[in-house]
Amino acid sequence: MACPKKKTSHRKQHQRRAKNWDITLASIGTCSNCSQPKVSHLACTSCGYYNGREYLLALPRKQRKATA
Ligand SMILES: [Zn+2]
């Protein structure tokens with residue numbers, strides 16, 4: 001097994017770990033059902049659809065039946 005020649009300094013350790021700290025913005029697309037902006041890979045918050053199927057019950061049942 002490979003053996004490190006020198007102990008990793010605190011600075012180098014910190015530099016390596018700091019690479020994973022930056023925050024990335026979630027990619028935003030449009031819903032195929034209602035064409036509202038939505039976060040990719042998540043169900044639409046306005047209609048509750050994901051990949052052509054309803055997953056989230058965004059509205060209460062009474063309200064959904066009234067609008068449909
Ligand atoms: Zn939608």
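**Close-up views of a zinc site and its surrounding loops**

**View 1. His-41 sits in the loop between E2 and E3.** Strand labels such as these come from DSSP runs numbered from the N terminus, with helices (H or I) needing at least four residues and strands (E) at least two. This is a predicted model in which local features need pLDDT of at least 70 and side-chain atom pairs count only at pLDDT 80 or more, while totals for chains, interfaces and linings use all residues. Residues are numbered from 1 along each chain as its sequence is written, and side-chain values use heavy atoms, with hydrogens and water left out. The backbone is worth a look here: phi of His-41 is near 65°, a positive value in a residue other than glycine. His-41 counts as exposed because its relative accessible area is 68%; the cut-offs are under 20% for buried, over 50% for exposed and partly exposed in between, using a 1.4 Å probe and protein chains only.

**View 2. Four cysteines hold the zinc ion.** The protein donors are the SG atoms of Cys-31, Cys-34, Cys-44 and Cys-47, at 2.2 to 2.3 Å from the metal. Donors here are N, O and S atoms within 2.8 Å of the metal (3.2 Å for Na, K and Ca); water is not among the atoms, so sites may look incomplete. Angles of 107 to 114° among the four donor atoms make the zinc site tetrahedral, a label given to four donors if all angles lie between 85 and 135 degrees. For reference, the ideal angle for four tetrahedral donors is 109.5 degrees. Along the chain, the donors of the zinc ion are spaced as C-x2-C-x9-C-x2-C.

**View 3. Cys-31 and Cys-47 link distant parts of the chain.** Cys-31 belongs to the loop between strand E1 (28-30) and strand E2 (37-39), whereas Cys-47 belongs to the loop between E2 and strand E3 (49-50). The two are 16 residues apart in sequence and 8.7 Å apart in space, C-alpha to C-alpha. Both residues are buried; Cys-47 gets that label because its relative accessibility is 16%. The structure holds zero disulfides (pairs of cysteine sulfur atoms within 2.5 Å).

**View 4. Tyr-50 and Tyr-55 form an edge-to-face pair.** One aromatic pair is found in the structure, and these two tyrosines make it, with 6.4 Å centre to centre and 70° between the planes. Rings of Phe, Tyr and Trp (its six-membered ring) pair if their centres lie within 6.5 Å; planes under 30 degrees apart are stacked, over 60 edge-to-face and the rest tilted. Tyr-50 is partly exposed because its relative accessible area is 30%, and Tyr-55 is partly exposed too, at 46% relative accessibility.

**View 5. Asn-51 lies in the loop between E3 and strand E4 (53-54).** Asn-51 has a positive phi of about 55° although it is not a glycine. With a relative accessible area of 72%, Asn-51 is exposed.

View 6. Read along the sequence, the pattern is α-β-β-β-β-α. Of the 68 residues in the protein, 7% are buried. The protein exposes about 6,700 Å², with carbon and sulfur atoms supplying 55% of it; accessible areas come from the Shrake-Rupley method with a 1.4 Å probe, and for residues only the protein chains shown count as cover.

Notes: Four donors count as tetrahedral if all angles lie between 85 and 135 degrees; four count as square planar and six as octahedral if opposite donors are over 155 degrees apart and all others between 65 and 115; anything else is irregular.
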